2 protein chains.
Amino acid sequence: MSKLIGNLIFGQSGGPTSVINASAAGVFTEALKSDCIPKVYGAAYGIRGILEEKFYDITQEDPKELELLKTTPSSALGSVRYKLADPDVDDTDYKRILEVFKKYDIRYFFYNGGNDSMDTCNKISKYMQKAGYECRVMGVPKTIDNDLYGTDHCPGYASAAKYVATATMEVYHDARVYDTPMVCVLEVMGRNAGWLTAATALAAYKGAGPDLIYLPELVFDMDKFIADCKKVYENNNHKLLVAVSEGVKDKNGKYISEYGSDLASSKDSFGHAQLGGTGAVLANVLKKELGCKTRAIEFSLLQRCAAHCASKTDVEEAFTAGQKAVQYAVEGITDHMVAYERTMKNGKYFCNYVLVNLSEVANTEKKIPREWITPDGTGLTQEFIDYALPLIEGESSPPIEDGLPRFAKLKKVLATK
Amino acid sequence: MSKLIGNLIFGQSGGPTSVINASAAGVFTEALKSDCIPKVYGAAYGIRGILEEKFYDITQEDPKELELLKTTPSSALGSVRYKLADPDVDDTDYKRILEVFKKYDIRYFFYNGGNDSMDTCNKISKYMQKAGYECRVMGVPKTIDNDLYGTDHCPGYASAAKYVATATMEVYHDARVYDTPMVCVLEVMGRNAGWLTAATALAAYKGAGPDLIYLPELVFDMDKFIADCKKVYENNNHKLLVAVSEGVKDKNGKYISEYGSDLASSKDSFGHAQLGGTGAVLANVLKKELGCKTRAIEFSLLQRCAAHCASKTDVEEAFTAGQKAVQYAVEGITDHMVAYERTMKNGKYFCNYVLVNLSEVANTEKKIPREWITPDGTGLTQEFIDYALPLIEGESSPPIEDGLPRFAKLKKVLATK
């Protein structure tokens, strides 16, 4: 394959995770070593940074701080939710991107994100090909939702799963401290795929998890939910722990979280429209149905940024995915996303870094297979446990100073225009 | 002092913490070594276990599991919120306790808890003295609220503070990932004392904390709050992170959390009365006032049970407090609580284990001194930072199996009646 000399730009996109910066560290450290890549840039706020010519000169960063990115949560460069138009309808953005790539001699464009970001990456890749501009375009996967097609799992998922399972075990213990009725609903992120909510089954596997788990893969039936809960509550000494995906919907496709907004829509001043998440709505249903105090706990942002409780496996894989993207591109690969392939040898888990076409991965969602959900729809089978356990192996946390995490501090020197 | 031979019973009371079981481990392991204490019992659900003669025979537990109590959150024996009557008004419970103590030859009674529990402990101590029944009664402090009188700080506080500060730093990073307006309100536990909410100032000290902090020590003025927030929002590129104690009240003594219930009180079916905590109410106020999307995050139970992110200093002190209670009692001390006294030698923090009269500590709340709160009432001074930093030193987490915490599993063999 031909050797391509030119600069690299890397952007982060979509919701942050505990390990998105680990992939950045992998890309940056590998690219800085390569003699094909004179300059390494980080786009400020993803594709917007490219459109606005705002990117950071990574060569100016302290190598120690780049290393710290491995254990720094969130998105150090800034992220964006920006959907590119169909280039056949409106190619303004694409022309601008090409202009910027030419100006800065960008020959390596890497984009880190989930479904939408891979769509962006794919569109840019195809446009550059059509325009005859040689640029190696690579996707680096990322999403706590674990819903990317073509990869065994996604960077960011395992750390969020480890945190969710750990916190669920802790809440399990806390919530049954009194000899009184206890009903608690845990709300976990995931609009369309229930992978992260399913992680609470790991806590149950360890004997300290939810009695019932509701995933967005199945239609949510309020009557069945109430009946399920009553049964556990009665048979289980008035203790009930439920985990639910934020994205569960009824048979009409209506989000359960909207049940709360509807009721509050007549309110103004301190209006409650935003208050009732899925967990809160269900906790209130159970309060009425079971006649006891109930509690909703929303893991909220904590679940996607808990770098203090990350999976070492996840951090290392995310870092390696970044490195591999650079290695593959320098070797001549373009128009692909780096993906994980699982192999098991003598019962031991190994991860291989393979390639998947960007056009295949763009906008395709991978959900939990029905057969991994128990027939009654309220739990996960051993197949899921076996799938998830190797991913959460190993403990990663940032270096500690004064008892608190020391996260990376980038200088963020803007590249001269 | 006279040598007293007899059995020991230990009870846990009030809200759980990450280290209440560490104190149990300290009491149990020390008591099991003592030749003055033939039998060691753990009361099921605190004082209720004594009244109902339900207690566990700790000699039957595996020493390895007792050791694991050090890193197991919540209350392994079960806890209770039970307020004993004034014995001059109704001495039924006291008579019953005396009866049980005599039956089981209880000569050492230890109670682990906060203000109310120390009141219980004090009342029992005085009653036993009056009844002429020789029993050494010791309080072991515990509360994430850090509001016990007579001790520099309370077991459980530091671990909750470390978790709150860590999670705040992580949320800080997560919440500013997009180049869009961001307003987030963190709600922290603490009805009357703001110590735990103040821990978010540690995150600010590290450059990744809230812009504004509101404590229950000061009257909450909604107009001032809105003005404070607008100022930060405008001057800070539309980013605003607020931390607030669940217990803030307006000048009429009304909880801010009640502002939400009022508005929702007309609702029934999925009623919102319980939905709006302080954080949610304030996030909705800011949504209206600033005209942008806002988010409330409630640390909820997570903050008091996050053993995976505990302070090693806290765990070791809590364990030692339990040990010291046994040692003091065997030496002849009674009617006291073990307390922490801080000494600084060459800038290094040391903790001494001293004694404080139960009658002094019962029902007295210790709040944050006004001079540790900044004059404008929205931050903490360096005195608070210097106070808190040594307490959160060192990382403690449970042993890990399969990537998840391995908590203690007690056999809980009930003592034969």
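The backbone nitrogen of A:Gly190 sits 2.8 Å from a polar atom in the side chain of A:Glu246, a polar contact in the sense used here (a pair of N or O atoms within 3.5 Å; within protein, one must be able to donate a hydrogen and the other to accept it, and residues adjacent in sequence count only if both atoms are side-chain atoms). This is a predicted model, so local features need pLDDT of at least 70 and side-chain atom pairs count only at pLDDT 80 or more, while totals for chains, interfaces and linings use all residues; side-chain values use heavy atoms, with hydrogens and water left out. Residues are numbered from 1 along each chain as its sequence is written, with chains lettered from A and ligands numbered from 1 in the order in which they are written.

Back to A:Glu246, which is found in the loop between β8 and α10 (257-264) of chain A. Helices (H or I, at least four residues) and strands (E, at least two) are DSSP runs, numbered from the N terminus. With a relative accessible area of 18%, A:Glu246 is buried; buried means under 20% relative accessible area, exposed over 50%, and partly exposed in between (1.4 Å probe, protein chains only). Leaving out residues up to four places away in sequence, A:Glu246 touches A:Glu187, A:Val188, A:Met189, A:Gly190, A:Arg191 and A:Thr278, where contact means heavy atoms within 4.5 Å.

A:Ser79 has contacts in both chains: its partners are A:Gln12, A:Ser13, A:Gly14, A:Tyr45, B:Val177, B:Tyr178 and B:Asp179, not counting residues up to four places away in sequence. A:Ser79 belongs to the loop between α3 (63-68) and α4 (92-103) of chain A, and is buried with a relative accessible area of 1%. The side chain of A:Ser79 also reaches the backbone oxygen of A:Gly14 at 2.6 Å.

Next comes helix α9 (residues 222-235) of chain A. Which residues of α9(A) are buried? They are A:Met222, A:Phe225, A:Ile226, A:Asp228, A:Cys229, A:Val232 and A:Tyr233. These residues cover an arc of only 160° around the axis, so they lie on the same side of α9(A); the arc is that of the directions from the helix axis to the C-beta atoms. On the other side of α9(A), A:Asp223, A:Lys231, A:Glu234 and A:Asn235 are exposed.

Both ends of this helix have something to look at. A:Asp221 caps the N-terminal end of α9(A), with a side-chain oxygen 2.9 Å from the backbone nitrogen of A:Asp223. After α9(A) comes A:Asn237, with a positive phi near 55°. A:His238 isn't a glycine, yet has a positive phi of about 65°. A:His238 sits in the loop between α9 and β8 (239-245) of chain A and, at 31% relative accessibility, counts as partly exposed.

Over in chain B, ten of the 13 residues of α11(B) are buried, so this helix is largely enclosed by the rest of the structure. Among the buried residues are B:Thr278, B:Gly279, B:Ala280 and B:Leu290. Just after α11(B), B:Gly291 takes a positive phi of about 70°. B:Gly291 is exposed, with a relative accessible area of 64%. B:Gly291 and B:Pro181 are 110 residues apart in sequence, but their C-alpha atoms are 9.8 Å apart in space.

Finally, there's the nonpolar core. In soluble globular proteins, nonpolar side chains tend to be buried together. The largest nonpolar core here has 188 residues, and A:Phe384 and B:Phe384 touch the most other members; such a core is a set of buried Ala, Val, Leu, Ile, Met, Phe, Trp, Tyr and Cys residues joined through side-chain atoms within 4.5 Å. B:Phe384 touches B:Tyr157, B:Trp195, B:Ala198, B:Ala199, B:Leu202 and B:Trp372, not counting residues up to four places away in sequence.
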